[in-house]
Amino acid sequence: MAKKNLKIIGTPVPKHDAKIRVTGEAVYGHDIKLPGMLYGAILRTEHPHATFTIDVSAAKKLPGVICVITADDVDTNNISYKRDHPILKKEEVNCIRDEIAAVAAETKEIAEKALKLIKVKYKIKKGIYEPLDALKSGAPLINKFSSGKFEHKNIAEKFYYEHGNIEEQRKKSMVVVKRTFTLPRMTHACLGTSNITAHYNKTTGKLLLYSSTQVPFLYQRDMAHALKMNPSDIRIIQPVIGGGFGSKLDMYPFEPICALLSIKTGRPVQILYSRHEEFLASPTRQPMTIEIEAGADKDGNFTFRDVNVIKDNGAYTSWGATTPFVIMQAFSSLYTLPACRFSATAIYTNNVFAGSFRGYGNPQATFALERVIDLLADKLGMDKAQIRIKNANRPGETTGQGLFFETCGHQDCLQTVIKKAGKKRKSENNRYRRGMGYASMIHVGGGAKIYRSDGCGTTIKIDPYGYCTIISGSNEIGQGSETVLAMIAAEELGISLDKIKVINTDTDIKPWDVGVHASRTSFVAGNSLLGAIRILKEKLNLKAGELLQEKSTSFNYEDGFIKTKSKQIALDKVVREMHFTLPNELAIASYFYEPSSQFQDKGFKGNVSGTYAFASQAIEVEVDTYTGNVRVLTVHVAQDVGKVLNPLLLDGQIHGGVLQGVGYALTEELIFKEGYLLNPNFHNYKLLTAADTPDIHFYPVETHDKQGPYGAKGVGEAPLIPTAAAIANAVCDALQIEMLELPITPERVLVALKNKNNK
Amino acid sequence: MDFSVVSPQNLSQLRNAIRTLQRKPYRIGAGYTDLLMELRKSDTSDLTVINLAQINDNGLSHIKSLVNHVHIGAMVTATSICMNDDIARRFPTLQQAAANLASTQIRNVATIGGNLCTASPSGDMACAIVALKAHCVLMNVDGKKRVVPVVDFFTGPRTTCLKKNEFLYKIILPRNHKQTQHIHSGFIKVGTRNAMECSVVSLAYHIQVEESGYVIDAGIGIGASAPTIRFAEKAALNLIGKNMQNFTDENRNEFAKKVLTYASPISDVRATSWYRKEVLYNISKSVLV
């Protein structure tokens, strides 16, 4: 059991790696230079759908070009969890990202020049860019590697879930609202573009990859499958990662391509995306339409939700197709609900595919759900705050889907933001209109049991000088997990933070972990570390007892000493005595933590996470009716974080998440026309800046979940999940209009106003 | 990017550089905030960039306040314009346009000459310069100067009246009238972000009012609404002789309608033509408070 009187946990410890990051000393993937390294570049299709022939002979002749590959030169397996994605495309392209050739050259410039020398003849074909068009009779098969297990050949994935009796609840409903919402493609826009450096050693047959993956052990397995190698012959080292947000949860073609170039040449090869390539070829948030029908009884109790989601799968499958795991949780379990029916279909098109993105479908679901709640309240003539408080989840609740809330701060969160936000300020004049919007969210807060294990391994050691090394399976993608782990060790072992090292970047060294996602790292890696510390302390206590001639094994670890009330001994001395006197034991311990969560059954029922996080936001906006611009004035955030481990890092997550949520609500959208991307640059992809940050007020709600380390829950994704929903509600409140689509661009606002005035 | 660079140290070296490149493609680099982006997209193998970063010439790099005019050298940065007291007090439209440009980092290097010579329909400082009825001083390789009204400087999207043997030397702003007691001057930029934004629509206005409240002179520039920045002459003339205190809704609508006659916007990835017109109309109304 973790300590009670805390000295370090809960304090604003700056990020472990802050200094090397701000001084520019941190080594990102882009900074890696290996002896003899070549530069790789990828030729992508010019058209979203075409057949083609390719001639690379001129590129091969260019001095400085070492290797050129096309689909004909490689023997690989398809990638993606559906295994429907060839690494290099042969004869036919199906989306504008498609990789058709790759080169390795002595310099980046030569590599780029070589790409221009590759001659490709395209025969353009008419593509399918609307999911429902792909289901029409006569539509061609889009992905010839698809499983074909669904009723239509162009369906990539399906989900169905239900609980309760929809028809009975419909009869009980006094009001029913039905709407269809449309959600855009948003991109992660990581500051560090995608990168990989591959080094294959022809003598040993081993492959070393410097990769920014968020999931090194799954990646190792996927890479091995793609390249037909043994996973353990592949070593993954993670350099400092310049932003993840879910984008690096899957393996994409450029990564095995880089490995193939290294295998062919026997030299290290590096591929770095340009910003243009990053916009074009890194995955997006899953776009979708959500059709939802929902009801409430005369007292405002929610009765049922009937939801149908259509997702544009793009030409190949990535994690975007599995977002219904999370989407259905929001619909089944956010606010108490007697009945829910949910279906989702992912349909192949000739568009780009979507991956995972912070929130994993939840911002989409929450937007649709929270908009409909406002509409239900309007129909009932009920206050929008009160209808939410009335239906909010409660501790001890087991939802229709089987999620069990041992702790639940939903009501606290709602009441806090509603009180803090107060009444909206009066609009000053006719031009500028003010509005207030509320939204809540539920998200896994203790991992998510999707893979065979949702666990994390840790090895901890103390050296003879009293320094501690934590070897954690989990990894750092900027969220601060190294800092939190060091704080836990400092708290429990009484070792100062500067004497704690975290090793977490090398698959040859670190124990297994499923990866950074699902807001799981502090929870899972924290619990794993606490387990390892417990075992280590048993060893240290035994030796300390012997040295202090103390029978009790109840010691305090403080300031580098192991103490009883009357005696103390330096920790490093105990370690030296362990090492150098009989029976010569190492001060080292390992532990594997597996959360108490369950696999869901075939109907997606079961308690999938160790704990659940809740959050509410109240957002006030001002809309300029002349231009349609929405200014976000204040954002009040209350989040059930279980326990604040580090308020500084937590604030960072809240601010970053909220701003990302504002972007999703108002400005960010990759715009495609007939499969072509129109805005692959920051000029026209409107990522928000520091100058656009609203006033953010954060109120942590501590529910002390006994599953979490010190009572903590996962926090990383939650801050952005309800933001777009609350903003949309605020805009609709300000103008008395309907918004069925994100982002709420100035133009969409003016169109909505025009339509309202013309009615 | 693969191009040659020459870096003249003074005006005569600059003229020589241009003279020797008369039969070859060249571009002039001042702040490079637009040029670099453009060069990245194009084949630059045969190109020479005439780099102005090292040039030392007061006429090019200074703001000079004279009795009847203000001279702004083509190499004056947006930041220098923001910080100039004479411009802030007497030509707020230009000060605001410069202050709303992109970001601090970009304002520190982006020049007014670059903003004009790029001739983007959405140039912010250029739009204010149009409203201020400024003149451009062009110099040729022989040192001969030619003065053109700024509206005539722009000949189309990204094209100017500059001949291949000329460069933009400075901009001359006429002083406000002696009778002017009050100026109603500003720059309205419409876009989605508060920084790093390119105008979706912009409007620069500079209205001079005498003591009794009557408008004696007015300049209206509109950006991102036509192939070039336009001077909305009929809208400006419409204001002259009217009293600033007594504008009615009818006046405002009339004014906005006149502004709109100069707009022929395109639809692109940032906004539709419909939106641009709608917003231009709305913000035009808002000018006459």
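# A guided tour of chains A and B

Begin where the two chains meet: 21 residues of chain B and 24 residues of chain A make up the contact. The model on display is a predicted one.

Remain at the boundary and turn to its charged pairs. Between chain B and chain A there are 2 salt bridges. To view one of them, select Lys686(A) and Glu197(B), whose side chains meet with N to O at 2.5 Å. Residue pairs in polar contact between chain B and chain A, both at pLDDT 80 or more, number 11. Next, highlight helix H13 of chain B, residues 273–287. With 8 residues, this helix gives the most to the side of chain B that touches chain A. Colouring that side of chain B by class shows 10 nonpolar, 6 polar and 5 charged residues.

## Within chain A

Select residues 521–548 of chain A, which form helix H14. How far apart are the end C-alpha atoms of this helix? They are 38 Å apart, and this agrees with the 40 Å that 28 residues should span at 1.5 Å a residue. Of the 28 residues of H14(A), 20 are buried, so the helix is largely enclosed by the rest of the structure.

Proceed to Thr483(A), located in helix H13 of chain A, residues 481–493. Is Thr483(A) buried or exposed? Its relative accessible area is 2%, so Thr483(A) is buried. Leaving aside residues up to four places away in sequence, Thr483(A) touches Val13(A), Pro14(A), Lys15(A), His16(A), Asn646(A) and Leu649(A).

## Salt bridges along the way

Over all chains, the structure holds 59 salt bridges. For one of these, select Arg44(A) and Glu99(A), where the side chains meet with N to O at 3.1 Å. This pair links distant parts of the chain, 55 residues apart: Arg44(A) belongs to strand E1 (residues 38–44) of chain A, and Glu99(A) to strand E5 (residues 99–105) of chain A. Both Arg44(A) and Glu99(A) are buried.

A further stop in chain A is the salt bridge between Glu558(A) and Lys563(A), with the closest N and O atoms 3.4 Å apart. Glu558(A) has a relative accessible area of 26% and is therefore partly exposed. Lys563(A) counts as buried because its relative accessibility is 17%.

Now return to chain B and select Asp249(B) and Arg252(B), which form a salt bridge with the closest N and O atoms 2.9 Å apart. Asp249(B) is exposed, with a relative accessible area of 55%, whereas Arg252(B), at 17% relative accessibility, counts as buried. Both residues lie in helix H12 of chain B (residues 249–260), 3 residues apart, or about one turn of the helix.

For the last stop, select Glu167(A), Arg170(A), Glu293(A), Asp306(A) and Arg341(A) together; salt bridges that share partners join these residues into one network.

Methods: Residues numbered from 1 in each chain as written. Chains lettered and ligands numbered in written order. Predicted model: local features only at pLDDT ≥ 70, side-chain atom pairs only at ≥ 80, totals over all residues. Heavy atoms only, no water. Contact = heavy atoms within 4.5 Å. Salt bridge = Lys/Arg side-chain N within 4 Å of Asp/Glu carboxyl O. Polar contact = N/O pair within 3.5 Å; in protein donor to acceptor, adjacent residues only side chain to side chain. Helix = DSSP H or I, 4+ residues; strand = E, 2+ residues; numbered from the N terminus. Nonpolar A, V, L, I, M, F, W, Y, C, P; charged D, E, K, R; others polar. Expected span 1.5 Å × (residues − 1). Buried < 20%, exposed > 50% of the residue type's maximum accessible area, 1.4 Å probe, protein only.
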